[in-house]
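Keep the 3D view open as you read.

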Amino acid sequence: MEALLSAENLTKHYKDVVALNDVSFEISDGITGILGENGAGKSTAIKIFLGLLKPSSGRATILGEDASGNIIVRSRLGYMPEHDCLPTNVTAAEFLTHMAEMSGLPPSHARSRAADTLRHAGLFEERYRSMGGYSTGMKQRVKLAQALVHDPAVVLLDEPTAGLDPAGREEMLDLVRKTHRDFGISILFSSHLMADVERTCDRIIVLQGGRLVQSGEVKSFTEETETVFIEIDTNREEFIAALEKRNVDVTQDGGGIFVEGSDETVYDHVRDALVESKAPLRRMGPRRRALTELFERDGDDFSAGAGS
Amino acid sequence: MTNVRDSGAPSASGSAEGPPAEGTVFDIGYQKYEGPREGRNRARMSIYKDGIKNSLGIGRSPKAKILPWLFIGILVMVAGIMALIAGAADRFVGAGTAEAAGLPSHSDYYGIASIILFIFAAISAPELLCPDRRDGVINLYLVRPLTGSDYIIARWASFVSVILVVAWLPQFILLTGLAMGAAEPAEYFKDNWADIPKFVGAGAAVAVYTSILALVVAGFTTRRSYASAFLVGLFVITTPFTVWTAEAIGGTSGQWLSMFNLSNIPVHVNDLLFKEVSGVTSNAPAGEFDAWILISWFAVWTIVPAGILWARYRRLTP
């Protein structure tokens, strides 16, 4: 399948600061998450795809066109920014009609698309209210709706869950999934929250300090992010030695011992090592790896089964 | 959790089942858009349309309508009063009295109205540019098939359209009033039709100058009130200041100082078109300059701010 978006050796400098450093990836049909901490280069990458920034070197293409060359390609592109972008003195219906026209739809089509899109975003009842009085959750929905109103081929969502409470976040993630599943629109979705990306995306791109750390199917990440956490009372050295004898990958910090393993056999090894070292077990359980740890990993560790 | 309901028709909004729960999504099935996509021209047109609505408060809150329409009312009223006075003079004193007594007419209107028109522009222009940048809406515009230049040119076009109508309308009202006041309205038109191209030209000069100057100030702040206050202040201060200092200094320097009377710059063009001096410029030393100097000066004051405004918005997209 042809890539909807592709980055080839994309680099962007702001004077001395390197925001993106030789990043290459391709995005095809589906939901792709760009994961990274603040300042990792997520927004810069999105802005280059939108044609708002020119890359210092490398090439960004969108729907087969150069991102900063042909502006007509943006008729098939949707964008939901992270920050506020809504006028306060107009109604959602009028705003969406205007935004549909801005993407090239004739006025009569724009009006009916605006009403339909607001219905899909769950704002049909409030569409004739001035947006100044909307809650944060409603504003996020309008922001998403304006990105979808012209039926784009691909939408770029910059931190769509920012500032939402847990219930609002759940609804937003549902809408994002629905956008792909029911509307057939492909999505590039940036977030600094592992949980959002894990539950919503098919594929993931991890950026750190402007570099591409990792990319691949979400499944391959979630399997690998499961670590077994073990806490024992005594015989710590003996237990670790017994595990290492069984070729189990062991790490430890002050309190606990972490055992890496994506399959069930690791539990058998832990059991046998506990028996052998006579170490009294206090606690044991799976532990989801934190996002920061994912970033600390060297890219090579993930290469098995994580190829894009 | 979002509640997804399936219903057959778009109109079936669930009214039969009582009011829907908060966050209910009515899923009537997504329709792909297969209609025309008109790209850049439609986007420009939409910015133009939106600009007209914003500057007149159409489709906005009643509060947003008060000031623009108040000033349009005042401008029309000025023309109405001028027509009434001239008409009354001709009716009660005798035909031709108004002209003989030098009562204000078409050539004088912009001299009187330019400052009111400018205050109208000072209030409306920030509505066109400031909220887009303050609320961040411009970030949504520029990721659509539209460049920064397209945006600012379409915004200016919408604003100059509004100002043109606001500048011409009172002149047509004045013309109608004067014709009605005359003993033979048809005769009046026959004798005075040449005023129409003159005030159309003068109105265009006033509109272009006023719209560009007001927008360039609005382009440099995100706060509407700052832009309006600065623009009103600019005129309220420069007008008396230049009149007073030009008179005190005199000579060529006085003449040049008088050129900085910002509200008179388009009125000098008006005077050249009508080939007579209007009330406000009759005492201005700048009026003694050659026509080409006055026209060049007007051109500088429109082209330079237009260039600054364009350069500022062009850079928003690479």
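**Chain A, element by element**

In chain A, 44% of the 308 residues are buried. The model is predicted. Chain A holds 10 helices and 14 strands. Take its contacts with a separation of 6 or more: 68% of them join residues 24 or more positions apart.

Start with the open sheet. Four strands of chain A build it, in the order β2-β1-β4-β5, with antiparallel pairing. β2 (17-27) and β5 (65-66) of chain A stand at the edges. Each has a single partner strand, so one side of each lacks a neighbour in the sheet.

Now look at one pairing inside that sheet. Strand β1 (residues 5-14) of chain A runs antiparallel to strand β4 (residues 57-62) of chain A, and five bridges join them. Leu5(A) has its bridge partner in β4(A), and that partner is Ile62(A). Helix α1 (residues 42-49) of chain A lies across β1, β2 and β4 of chain A. The helix runs at about 115° to β1(A).

The largest nonpolar core has 135 residues. Phe49(A), Val155(A), Ala125(B) and Leu215(B) touch the most other members of this core. What does Phe49(A) touch, leaving aside residues up to four places away in sequence? Its contacts are Leu5(A), Ala60(A), Ile62(A), Ala67(A) and Leu156(A).

Asp174(A) sits in helix α5 (residues 166-181) of chain A. Is Asp174(A) buried, exposed or partly exposed? Asp174(A) is partly exposed, because 17 other C-beta atoms lie within 10 Å; a buried residue would need 20 or more.

Move on to strand β9 (residues 203-208) of chain A. This strand is mostly covered, with five of its six residues buried. β9(A) pairs with strand β3 (residues 31-35) of chain A through four bridges, and these two run parallel. Thr32(A) has Arg203(A) as its bridge partner in β9(A). β9(A) also pairs with strand β10 (residues 211-217) of chain A, in the antiparallel sense, over six bridges. There Ile205(A) has Ser215(A) as its bridge partner. β9(A) and β10(A) form a hairpin with two residues between them. In the turn, Gly209(A) has a positive phi of about 55°.

**Where the chains meet**

The contact between the chains involves 41 residues of chain B and 44 residues of chain A. On chain B, β2 (24-27), α1 (39-56) and α5 (137-141) each supply at least two residues of the side that touches chain A. α1(B) gives the largest share of that side, six residues. By class, that side of chain B has 18 nonpolar, 14 polar and nine charged residues.

The predictor gives the complex an ipTM of 0.83 and a pTM of 0.81. The average pLDDT of chain B is 85, and 91% of the residues score at least 70. Over residues 1-18 of chain B, the pLDDT is below 50. Beyond near neighbours in sequence, this stretch has 26 contacts in the model. Where pLDDT is low, predicted coordinates should not be read in detail.

Definitions and conventions. Residues are numbered from 1 along each chain as its sequence is written. Chains are lettered from A and ligands numbered from 1 in the order in which they are written. This is a predicted model: local features need pLDDT of at least 70, side-chain atom pairs count only at pLDDT 80 or more; totals for chains, interfaces and linings use all residues. Two strands pair if DSSP finds at least two bridges between them. Two residues are in contact if their C-beta atoms, placed from the backbone, lie within 7 Å. Axes are lines fitted to C-alpha atoms, for helices over the stretch in contact, and angles run from 0 to 180 degrees between N-to-C directions. Ala, Val, Leu, Ile, Met, Phe, Trp, Tyr, Cys and Pro count as nonpolar, Asp, Glu, Lys and Arg as charged, and the others, Gly among them, as polar. A residue is buried if 20 or more other C-beta atoms lie within 10 Å of its own, exposed if 12 or fewer, and partly exposed in between; C-beta atoms are placed from the backbone. pLDDT is the predictor's confidence in each residue, from 0 to 100. A nonpolar core is a set of buried Ala, Val, Leu, Ile, Met, Phe, Trp, Tyr and Cys residues joined through C-beta atoms within 7 Å.
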